[in-house]
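Biologist: I am new to reading protein models. Could you take me through one, feature by feature?

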Amino acid sequence: INAEYGASWVMGVGSVIGTTLVLAFLGRTFVHYVRSMKTEKPTFYQGGFQKAMNVDEAALILNLRPTATATQIKKSHREIMMANHPDRGGSSLFALKINEAKEILLEHSKSKSEQP
């Protein structure tokens, strides 16, 4: 009886040690993952508005490519204005820049489509 009890005791201790090691590894992996998530910051455009808006800046504001179609420009403009409208707590300066970006991109897409 003592030999059977001793063997099961050793197996029980081994299971506890094994479980502890697995949990320690998983905990360390989780902590590493959380720390890596905190250090990754989203990249945003660094800098303010230019004095005279150009096509590239207009595309940045509307989150489009300079070669966007009129439909894409209008859709993006509407979505961004819904989120930033002054009547809904948005900035009137941002609304002005968003509208200016729409006009510049529409003119650019119109002139681009008229070229042979």
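Biologist: Among contacts in the chain between residues at least 6 apart in sequence, what percentage join residues at least 24 apart?

Modeller: First, a caution: this is a predicted model. Now your question. Take the contacts between residues at least 6 apart in sequence; 54% of them join residues at least 24 apart.

Biologist: Which elements does the chain have, and in what order?

Modeller: Read from the N terminus. The elements run α-α-α-α. That is four helices and zero strands.

Biologist: What share of the chain is buried?

Modeller: A residue is called buried when its relative accessible area is under 20%. Here, buried residues make up 16% of the 116 residues. Look at the surface too. The accessible surface of the chain comes to about 9,500 Å². Carbon and sulfur atoms account for 61% of that surface.

Biologist: Which residues of the largest nonpolar core touch the most other members?

Modeller: A nonpolar core joins buried residues through side-chain atoms within 4.5 Å. The largest one here has 14 residues. Met53, Ala58, Leu62, Ile73, Ala101 and Leu105 touch the most other members. Helix 2 (55-61), helix 3 (70-84) and helix 4 (92-114) each supply at least two residues of this core. Helix 4 gives the largest share, six residues.

Biologist: Take leucine 105. What is it in contact with, leaving aside neighbours within four places in sequence?

Modeller: Contact is a matter of distance: heavy atoms within 4.5 Å. For leucine 105, the list is Val55, Ala58, Ala59, Leu62, Leu64, Pro66 and Ile73.

Biologist: Now serine 76. Why does it count as buried?

Modeller: Compare its accessibility with the cut-off. Serine 76 has 9% relative accessibility, so it counts as buried. You will find this serine in helix 3.

Biologist: What does the side chain of serine 76 reach?

Modeller: Polar contacts are read from pairs of N or O atoms. The side chain of serine 76 reaches the backbone oxygen of leucine 62 at 2.4 Å. Not counting residues up to four places away in sequence, serine 76 touches Leu62 and Leu64.

How values were computed. Residues are numbered from 1 along each chain as its sequence is written. This is a predicted model: local features need pLDDT of at least 70, side-chain atom pairs count only at pLDDT 80 or more; totals for chains, interfaces and linings use all residues. Side-chain values use heavy atoms; hydrogens and water are left out. Buried means under 20% relative accessible area, exposed over 50%, partly exposed in between (1.4 Å probe, protein chains only). A polar contact is a pair of N or O atoms within 3.5 Å; within protein, one must be able to donate a hydrogen and the other to accept it, and residues adjacent in sequence count only if both atoms are side-chain atoms. Accessible areas come from the Shrake-Rupley method with a 1.4 Å probe; for residues, only the protein chains shown count as cover.
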